[in-house]
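Here are my notes on the model. Please read them with the structure open.

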Amino acid sequence: MKDKGEIFASLVHLANAQGIIVKFAPLTVSDGRLKGNRLAIRQDLPSIEDFNYNLAHELAHAYLHYDKGDTINSEIHEQYEEQADRAAKMLLDAIGA
């Protein structure tokens, strides 16, 4: 099992390989946000596990929903979130979280 810093680094590397820029931000409404090729993670999350999970979740949106338009205001927003949750878990399991 990788240590938590290695997991986060692996996720950032995966994002960068896809042209996605990862930044920390003072988000107030959510723990992560993806817009185009910019991905923001709330800077004051309580644990590295939360950082890892939210980065994996937003990356899942990038892979699964890149062509779906505004998924936040979509009628099937909850389905998009469930898909991203499942994909994030699979991604974290695959890289050894």
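1. Strand 1 and strand 3 (residues 38-42) pair in the parallel sense, over five bridges. Strands here are DSSP E runs of at least two residues, helices are H or I runs of at least four, and both are numbered from the N terminus. Two strands count as paired if DSSP finds at least two bridges between them. V22 has L39 of strand 3 as its bridge partner.

2. On provenance: this is a predicted model, in which local features need pLDDT of at least 70 and side-chain atom pairs count only at pLDDT 80 or more, while totals for chains, interfaces and linings use all residues. Residues are numbered from 1 along each chain as its sequence is written, and side-chain values use heavy atoms, leaving out hydrogens and water.

3. The sheet is open, with three strands in the order 1-3-2 and mixed pairing. Strand 1 (21-25) and strand 2 (32-35) are the edge strands, each pairing on one side only. Neighbouring strands of this sheet are turned by 20° against each other on average, direction ignored. Axes are lines fitted to C-alpha atoms, for helices over the stretch in contact, and angles run from 0 to 180 degrees between N-to-C directions.

4. Helix 2 (residues 48-64) lies across strand 1, strand 2 and strand 3. Its direction is about 155° to strand 3. Contact means heavy atoms within 4.5 Å.

5. Look at H57 in helix 2. H57 is buried, at a relative accessible area of 5%. The cut-offs are under 20% for buried and over 50% for exposed, with partly exposed in between (1.4 Å probe, protein chains only). The H57 side chain makes a polar contact with the side chain of E81 (2.9 Å). Another polar contact, also of 2.9 Å, joins the side chains of H57 and D85. Such a contact is a pair of N or O atoms within 3.5 Å; within protein, one must be able to donate a hydrogen and the other to accept it, and residues adjacent in sequence count only if both atoms are side-chain atoms. Leaving out residues up to four places away in sequence, H57 touches E81, A84, D85 and A88.

6. In helix 3, the buried residues are H77, Y80, A84, A87, A88, L92 and I95. They cover an arc of only 135° around the axis, so they sit on the same side of helix 3. The arc is taken over directions from the helix axis to the C-beta atoms. The face turned away from the buried side carries the exposed residues E78, R86, K89, M90 and A94.

7. G96 follows helix 3 and has a positive phi, near 95°.
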